[in-house]
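This briefing is meant for a reader who is meeting the structure for the first time. Please look over the sequence and the fold before turning to the points below.

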Amino acid sequence: MTQTARVYGGSLYELAAEESLTDTIRTQMSEVLDLFRENPDYLALLTEPSIAKEERTGLIETAFGSCVERYLVSFMKLLCEKGILREYEGCFEEYTRRYNADHNIAEAVVTSAVALSSAQTAALRDKLEKQTGKTVILTQKIDPSVVAGLRVELEGKQLDGTVKGRMAGISRKLEEVVM
């Protein structure tokens with residue numbers, strides 16, 4: 001995430017907090033980001049320098065003016081006018097980081113060889129919530145190369161309980177002994 005995204009995303013969060021709109025704008029930002037990801041040509045159009053800024057901001061108004069908060073529409077127009085609309089995803093990441101900090105939420109990414117059952121997911125979430133004292137939002141990733149076990153990334157820390165991770169640890173220890 002760039003410094004620009006941190007500044008703009010943080011500023012939008014502060015405005016949303018002052019107006020008690022943090023939940024609404026976060027949800028809408030996520031939906032807009034999904035639209036940008038699903039329609040990269042639209043984002044390319046909105047960032048095309050050969051098209052006048054007024055026309056590009058008009059497209060934003062037409063597409064979003066009646067269905068998202070005015071602050072978010074103005075925010076997207078500002079990014080468009082400044083030529084930094086491609087920073088939108090980073091702005092959303094910063095907004096979400098600030099939102100999570102204010103709401104005592106931690107995001108965790110769990111990687112396993114196979115999908116976890118809902119009971120396993122709930123048990124893992126409960127354990128992580130007890131350890132962190134925060135509400136944990138889990139995202140699952142499937143990676144057959146982990147063989148078995150789980151790898152959890154939470155608040156900048158990685159907990160590796162995978163067979164692959166254990167084998168790598170054993171290999172490092174063996175190399176130390178041999179040398």
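In this predicted model, helix α2 (residues 22-38) passes helix α5 (residues 70-82) in a right-handed crossing. The contact is made on the α2 side by Ile25, Gln28, Met29, Val32 and Phe36, and on the α5 side by Tyr71, Leu72, Phe75 and Met76.

**Geometry of the helix pair**
- The axes of α2 and α5 come within 10 Å and cross at roughly 45°, and the two helices are therefore oblique to each other.
- Two packed helices are in general described by the angle between their axes together with the distance between those axes.

**A buried threonine**
- Thr57 is a residue of helix α4, which covers residues 53-64.
- Because its relative accessible area is 12%, which is under 20%, Thr57 counts as buried.
- When its neighbours within four places in sequence are left aside, Thr57 is in contact with Lys77, Cys80 and Glu81.

**The β3-β4 hairpin**
- Strand β3 (residues 150-154) pairs with strand β4 (residues 157-160) in the antiparallel sense, over 4 bridges, and Val152 has Leu159 in β4 as its bridge partner.
- The two strands, β3 and β4, form a hairpin with 2 residues between them, and Glu155 in the turn has a positive phi of about 50°.

**Confidence**
- The average pLDDT of the chain is 90, and 94% of the residues score at least 70.
- Within the chain, confidence is highest in helix α2, at a mean of 97, and lowest in helix α8 (residues 163-178), at a mean of 69.

Definitions and conventions
Residues numbered from 1 in each chain as written. Predicted model: local features only at pLDDT ≥ 70, side-chain atom pairs only at ≥ 80, totals over all residues. Heavy atoms only, no water. Pairing = 2+ DSSP bridges. pLDDT = per-residue confidence, 0-100. Buried < 20%, exposed > 50% of the residue type's maximum accessible area, 1.4 Å probe, protein only. Contact = heavy atoms within 4.5 Å. Axes fitted to C-alpha atoms, helices over the stretch in contact; angles between N-to-C directions. Parallel < 35°, antiparallel > 145°, perpendicular 65-115°, else oblique. Left-handed = near helix turned anticlockwise from the far one by under 90°.
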